[in-house]
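Thank you all for coming. I would like to take a few minutes to walk through one model, beginning with a strand pairing and ending with the question of confidence.

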Amino acid sequence: MRKKRLLLCMLMIGILMCNCFTVMAEEVENPYEKMKADSYATPIDTNQINDWPQALPVYADAAIVMDIKSGAILFGKKIKEKHYPASITKLLTVLITLENASLTDKVEFTEDSVSFLNFDDAHIGMRPGEIISMEDALYAVLFASANEVSHAVAESVGKQYFGGNYDTFIERMNTRSKELGCINSHWTNSYGLHDNEHYTCAYDMAKIASAISSYDIFRNMMKKSEHKIGVTNLVNEERVFQQLHKVLNPYSEYYSENCIGGKTGYTEEAMNTLVTMEEKNDMQLVAVVLHDYGAETYKDTQKILEYGFENFKKVPIADQVDPKKIEKLKDSDASLILPKDLELSKIKQEIVLTDKAIRAGQLVYTYEGHEMGRFDVIMTEEGYSSLTGHTKKNTVAKENTKKTEKEESEHENLMKVEIVFFALMLVIVIMVLIKIILIIKRRRCQSRSRR
């Protein structure tokens, strides 16, 4: 009887413990599930556009899909909201390096480029005084996300090409991002380790990625899944590292043969960040996800890229422009990326002037206030006249008139100076003559008095 009671008590205790563990497990899982539910509930901004293809929700706090050529935004969720980028920062570092430096340059590691590292920061074990080629350095930055190499690259380029140092390179990062059209970015380092003042947004990262994707050097580097740095002046062994981006890794479940480039990132504050560029259906798209979580990072990227390729079409505009207004498209292959069911006739077209040259402008396409693309053009005389109220000839004539008036004014000023000069010289001559006459008279008077 006692044994039965004991067994019954143990069974009841076991049931209670199981219930407690279940409640505890639910309490642990609930924050994650709530976070996921809240993120999925956040509206997709582009879904609010009339007759726009409806995209499924994503876990990422912010995300974008942009057409690389036209800059059209196909998918957008909080694209201009400030976020920490983590190591996708390195795309801007590499872009500035490709724009200014050579792959054959030498990169020497200083104490500053190594000493800032913490034990758990991504690195490849470079030492102060060690020297490698710029090409090897960029592979280490893009593949291994090596922070000390990114610092050394910035330090080297800042010194060799900007006449300064590491801080000069950081200044260039901020200047260059503004030149690219970035709207909510500020950079304090070249690698992406957390700093409250080091931030960006999904839109800005898509602009940066679009710019770097135009470099064949970058695309060729991205085709490799592994890189090897040979022995150096200080280390007598090879360093081998693999591509971390799973969409570029042939052995990953997320691999895509359409991928042409990208970069991973992670810090506790930024969470997962990912930039991915793909080419398919004669379109080139870039996807950016910020503040994402684990495997959802790649699932979100895969989801929004598929959305872009499946729901949009490429529409050439060369035959659509008004020949009376547009003389030439800078890019003869310029195309809009439109929803498959949206007709070009529904897109608003506008020409705006730029300061690049006379009759230079941009052809801007919008749909319900949503910009679909900007294309550089040269306007005809008629188009330029209708936009400004005067022709190129009038402009040139006005410039010539201004030039003539300026020359006449300068000539008059020169004449005035010459008159003043000659008058001054005449006064001096007269004064000298008077003085000479007075001296002669004085001497004559002195001579008479002696007699």
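Strand β1 and strand β2 (residues 73-77) run antiparallel and are joined by four bridges, where strands are DSSP runs (E, at least two residues) numbered from the N terminus, and two strands count as paired if DSSP finds at least two bridges between them. Within this pairing I64 stands opposite G76 in β2, and in the hairpin that the two strands form, with five residues between them, G71 takes a positive phi near 85 degrees.

This is a predicted model, in which local features need pLDDT of at least 70 and side-chain atom pairs count only at pLDDT 80 or more, while totals for chains, interfaces and linings use all residues. Residues are numbered from 1 along each chain as its sequence is written, and side-chain values use heavy atoms, with hydrogens and water left out.

β1 is also joined to strand β9 (residues 283-292), again antiparallel, by six bridges, and here A63 stands opposite V289. Six of the six residues of β1 (residues 62-67) are buried, so the strand is largely enclosed by the rest of the structure; buried means under 20% relative accessible area, with a 1.4 Å probe and protein chains only. A62, I64 and M66 cover one face, and A63, V65 and D67 the other.

On confidence, the average pLDDT, the predictor's per-residue confidence from 0 to 100, is 87, and 85% of the residues score at least 70. Where pLDDT is low, the predicted coordinates should not be read in detail.

Conventions. Buried means under 20% relative accessible area, exposed over 50%, partly exposed in between (1.4 Å probe, protein chains only).
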